[in-house]
Amino acid sequence: MAIPNIAVRGSTGLALHQSQSPYDPVSKFPSDVSPTFKFMLFGPNGKHFAWINNSKVVIVKTSDWKTIAELDYPKAAQLAYSSKGTYLVVYEPFMTTPSNPKGSPNVHILKTADGQLVKSLEYRDYKLWTPQWSSDEKICARFLNGDVLFYENSNFDNIIHRIKGLKLNNYSISPGNQPLNILCFIPAKTGPSNGRLFQYPDFSTIVANKSFFQADRVEIFWNLKGTASLMLTSTDVDKTGASYYGKQGLHLITSKGDTSQVIVNKEGPLYNAAWSPSSNEFCVIYGFMPSKATLYNLKCDAVMEFGTGTFNAVYYNPFGNNILYILKYNFYIFK
């Protein structure tokens with residue numbers, strides 16, 4: 001049986017240890033003792049591991065921990081993988097200099113298998129620098145000046161479709177198989193903000209639209225099937241002074257065109273929401289401490305209360321029959 005490994009970032013750099021006692025270092029792993037170590041990330045399929053030190057990006061295979069590539073990106077700050085791990089994306093902060101006043105492309109898409117550069121893109125806004133892929137990686141999207149650009153079949157030189165003119169603040173591609181849904185967040189200048197759902201590639205037809213007030217930004221949580229999404233909206237400041245966290249709201253939007261607001265029965269922040277693997281129900285953690293945990297169905301009806309406790313995050317097991325609530329080092333497991 002394969003033993004899972006744990007990557008550890010410490011004052012002496014990067015090391016890899018076995019996750020079972022006696023937690024010995026993995027001997028074949030090429031530990032990086034550079035004090036400038038910045039960032040590390042396992043691929044979504046567990047086949048690759050990559051990290052950044054001050055001068056380069058390193059990619060290794062987890063089967064034998066052999067180095068695939070060492071690439072010079074001295075300004076690299078973050079990494080991301082495509083949905084199947086075929087591509088590794090390197091982010092460098094966008095910079096201009098007197099000799100280069102327009103700046104240079106700062107997001108680089110590499111082939112994970114060999115480190116080959118596929119495409120470099122320019123992102124001035126750090127917030128949405130990460131390209132998004134469909135689950136099968138046939139479609140890739142990226143944000144640019146309030147629009148979303150779509151590419152197909154890894155051809156990053158040809159824009160196939162575009163969501164334009166909506167001045168988006170955020171967007172998300174649904175997981176799962178086709179049809180592919182795209183959820184867009186359109187912040188309000190006057191009036192309400194909107195969460196607008198489209199089915200790729202028809203962006204002239206709105207599948208569902210949810211309006212809400214007091215929303216500067218949104219976190220998006222898809223169910224596993226990609227047929228419904230929760231939008232956790234928030235403002236930076238609650239002008240009423242009732243909350244340190246700002247004003248929040250939780251809203252449901254589905255590919256059937258249904259929209260609802262999730263009503264909670266305890267005052268306080270909305271900490272976290274998680275979908276069951278069944279995609280038919282979700283759990284929300286909310287309220288001033290001790291917080292509450294409530295299970296909802298797709299109609300946003302509360303179907304089960306799990307009481308209160310000192311927790312602010314929720315996780316399902318893969319079968320959906322156990323739920324884990326956590327606050328730092330305290331665990332609560334419910335069946």
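Colleague: Where does the second largest pocket lie?

Modeller: In this predicted model, the second largest pocket lies between domain 1 (1–130) and domain 2 (136–262), because both domains give residues to its lining.

Colleague: How much space is in there?

Modeller: The second largest pocket holds about 300 Å³ of space.

Colleague: Which residues are closest to its centre?

Modeller: Those are Ser83, Thr130, Pro131, Gln132 and Trp133, out of 15 residues that line the pocket.

Colleague: What is the lining like by class?

Modeller: Eight of the lining residues are polar, six are nonpolar and one is charged.

Colleague: Changing topic to the open sheet: in what order do its four strands run?

Modeller: The order is 7-8-9-10, with antiparallel pairing. Strand 7 (78–81) and strand 10 (117–121) are the edge strands, each pairing on one side only. From one strand to the next, the twist averages 20 degrees.

Colleague: What do strands of a sheet pair through, in general?

Modeller: They pair through backbone hydrogen bonds, and the arrangement may be parallel or antiparallel.

Colleague: How many bridges join strand 8 to strand 9 here?

Modeller: Five bridges join strand 8 (residues 87–91) to strand 9 (residues 107–111), and the two run antiparallel.

Colleague: Which residue in strand 9 is the bridge partner of Val89?

Modeller: The bridge partner of Val89 in strand 9 is Ile109.

Note on methods: Residues are numbered from 1 along each chain as its sequence is written. This is a predicted model: local features need pLDDT of at least 70, side-chain atom pairs count only at pLDDT 80 or more; totals for chains, interfaces and linings use all residues. Side-chain values use heavy atoms; hydrogens and water are left out. On a 1 Å grid over the protein atoms alone, a cavity is a set of points where a 1.4 Å probe fits but cannot get out, and a pocket is an open set with protein on both sides within 12 Å along at least five of seven lines; lining residues have an atom within 4 Å of a point. Grid points are joined across faces, edges and corners, and a volume is the space filled by probe spheres set on the points. Ala, Val, Leu, Ile, Met, Phe, Trp, Tyr, Cys and Pro count as nonpolar, Asp, Glu, Lys and Arg as charged, and the others, Gly among them, as polar. Domain bounds come from an automatic or database domain assignment. Two strands pair if DSSP finds at least two bridges between them. Axes are lines fitted to C-alpha atoms, for helices over the stretch in contact, and angles run from 0 to 180 degrees between N-to-C directions.
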